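Reader: Hi! Could you walk me through this one while I have it open on my screen?

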Amino acid sequence: MPKKQKINILWFCNYLRIKDNESLFNVMQEELPFLALYIFDENFFSSTQYGFKKIGKFRAQFLLETVLDLENNLKQKNIPFLKKFGQTKDIFKQISKDFEVKKIFFQREWTKEEIEFENQIKPIFPDAKWVKSYSQLLLETHFVQEKLDKIPLLFTTFRQKIEKDFKIRNEFDSEQLVYNKSILNLKINSDNITLKTLGFEDFEIHQSTAFPFSGGETAGLQRLNSYFFETKNLSLYKETRNGLIDKDHSSKFSAWLANGSLSAVSIFQEIKRYEAEFGGNKSTYWLVFELLWREFFKYTSMQFRNKIFKPNGISERKYECKSDQNLINQWINGETDSDFINANMLEIKKTGWMSNRGRQNVASYFCKILKQDWRIGAAYFEEMLIDHDVHSNYGNWMYLAGVGNDPRSRTFNAEKQAEQYDSDQKFRNLWLK
Ligand code: FAD
């Protein structure tokens, strides 16, 4: 039998970028050649326990665009890239027939399903070394550990301790490195993957969407440049962020952040560059403040692990709920007795997007007024949202259900919120007409 070629693998999951990519930076320093890999695992496109898909059509489209952009960027660097659809373990088995894999470079994950994936692969390459990085985080874990013995329940405590002497690492210089090795005998071909492959029909982007953007690092960096340097909207962020309609009412970075095509560290460094050039103000501070919320939910889930999926959440406070499929359907279809809730629910259904203000209101309504199992609402969001991020989604849902990081367990008054944030009814008219 011919000797198998020794290679490393760079397994792309939720860090779909070449800029500030620690794993790419590290694998480039190795002597062995490497194969970059992305798998559309078919399990992500089937239904979960509540009958929703893990990834719906809006995020699927965004992901296809993202992976295509990554493929183009890697091609320009002559990095061999394999894009597959199927069962992750079958694809790794196929690779193992032709190659001896020495190291697998990977983003560290800590939620249940992501760990299960890793565990499926380990027996296929029992001798391979896993080299993991925390590419999704803004704050380095050792810095957070230095500041806090454990992650506090309250965001304010977390933020105050962290902000005191904020340390953010420099970006990894991954995109500048030159690659000149090659893989012989790559017999496996990339798949041609479309929305149809993933189980969806083609669709048109809704003309009224507040998120009219494409997926991919290139589009993400364009958005960053436009929101900061071209329009200087960053200087108005605090005043505009609660708007419901316009693409510039908030940064809209979340979808690129969620699949890692934008790095939180790069955004932070660009805020600092912007402040140096145009001056800082409440708004430039507030975007960092919001990025810390994202960070807080990531560290919270790292500490509490699978508790974030349990009915009583991390607080272990009893969550009383009923089970009424009619009420759930009315909520999903925008047929409740609140027109503000309905407008928001129609927006997410038609576009895959909803503002933070909208999300807070509809989640509070689902938990406190309809009194349904908050995990069903979270699972619906998981399917629909273009920007779904497991830590932010389940963290925010727990918070609004009163089983998370908010000891007060407040209820949003949708009518008052509508008066305050949609006094001219423009938003409601847009979706209810
Ligand atoms: P901006 O206002 O421009 O904020 C900049 C960035 O800060 C965001 O991109 C995001 O990364 C972070 N951020 C802002 N607010 C929050 C917050 N409350 N929690 C965590 N991070 C925040 N965000 C997701 O990225 N994915 C989700 O799946 C998700 N699910 C949510 C579910 C509920 C019930 C609620 C109330 C909020 C959820 N959020 C989620 C948080 C928030 O609504 C979105 O991050 C925000 O609306 C995205 O728009 P933006 O990028 O324009 O935000």
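This is a predicted model: local features need pLDDT of at least 70, side-chain atom pairs count only at pLDDT 80 or more; totals for chains, interfaces and linings use all residues.

Reader: Great. Which domains is the protein divided into?

Author: There are domain 1 (5-135), domain 2 (217-304) and domain 3 (310-432); the bounds come from an automatic or database domain assignment.

Reader: And how many residues of domain 1 are in contact with domain 2?

Author: Domain 1 puts 15 residues in contact with 16 residues of domain 2, where contact means heavy atoms within 4.5 Å. The centres of these two domains, taken over C-alpha atoms, are 26 Å apart.

Reader: Now the ligand. Which residues come nearest?

Author: Tyr237, Ser250, Ser251, Lys252 and Asn356 do, out of 27 residues around the ligand. A residue counts as near if one of its heavy atoms lies within 4 Å.

Reader: Which domains does that shell draw on?

Author: Domain 2 and domain 3 each give at least three residues. As for helices, H9 (254-258), H11 (282-304), H14 (356-369) and H16 (390-401) each supply at least two. Helices (H or I, at least four residues) and strands (E, at least two) are DSSP runs, numbered from the N terminus.

Reader: What is the make-up of the shell by class?

Author: It has 12 nonpolar, 9 polar and 6 charged residues. Here Ala, Val, Leu, Ile, Met, Phe, Trp, Tyr, Cys and Pro count as nonpolar, Asp, Glu, Lys and Arg as charged, and the others, Gly among them, as polar.

Reader: How far is the polar side-chain atom of Ser251 from an oxygen atom of the ligand?

Author: That distance is 2.6 Å. A polar side-chain atom of Asn356 lies 2.8 Å from a ligand oxygen, and for Phe253 a backbone N or O atom lies 3.1 Å from one. Taken alone the ligand exposes 800 Å², and the protein buries 97% of that; the areas come from the Shrake-Rupley method with a 1.4 Å probe, and for residues only the protein chains shown count as cover.

Reader: Switching to Asp248: where does it lie?

Author: Asp248 is in the loop between helix H8 (237-240) and helix H9.

Reader: Why do you call it buried?

Author: Because the relative accessible area of Asp248 is 16%; buried means under 20%, exposed over 50% and partly exposed in between (1.4 Å probe, protein chains only).

Reader: What does the side chain of Asp248 pair with?

Author: With that of Arg223, through a polar contact of 2.8 Å. A polar contact is a pair of N or O atoms within 3.5 Å; within protein, one must be able to donate a hydrogen and the other to accept it, and residues adjacent in sequence count only if both atoms are side-chain atoms.

Reader: Last one: what is the phi of Asn78?

Author: Asn78 has a positive phi of about 60 degrees, although it is not a glycine. Most residues other than glycine have a negative phi. Asn78 sits in the loop between helix H2 (57-76) and strand E3 (81-86), and is exposed, with a relative accessible area of 59%.

Methods: Residues are numbered from 1 along each chain as its sequence is written. Side-chain values use heavy atoms; hydrogens and water are left out.
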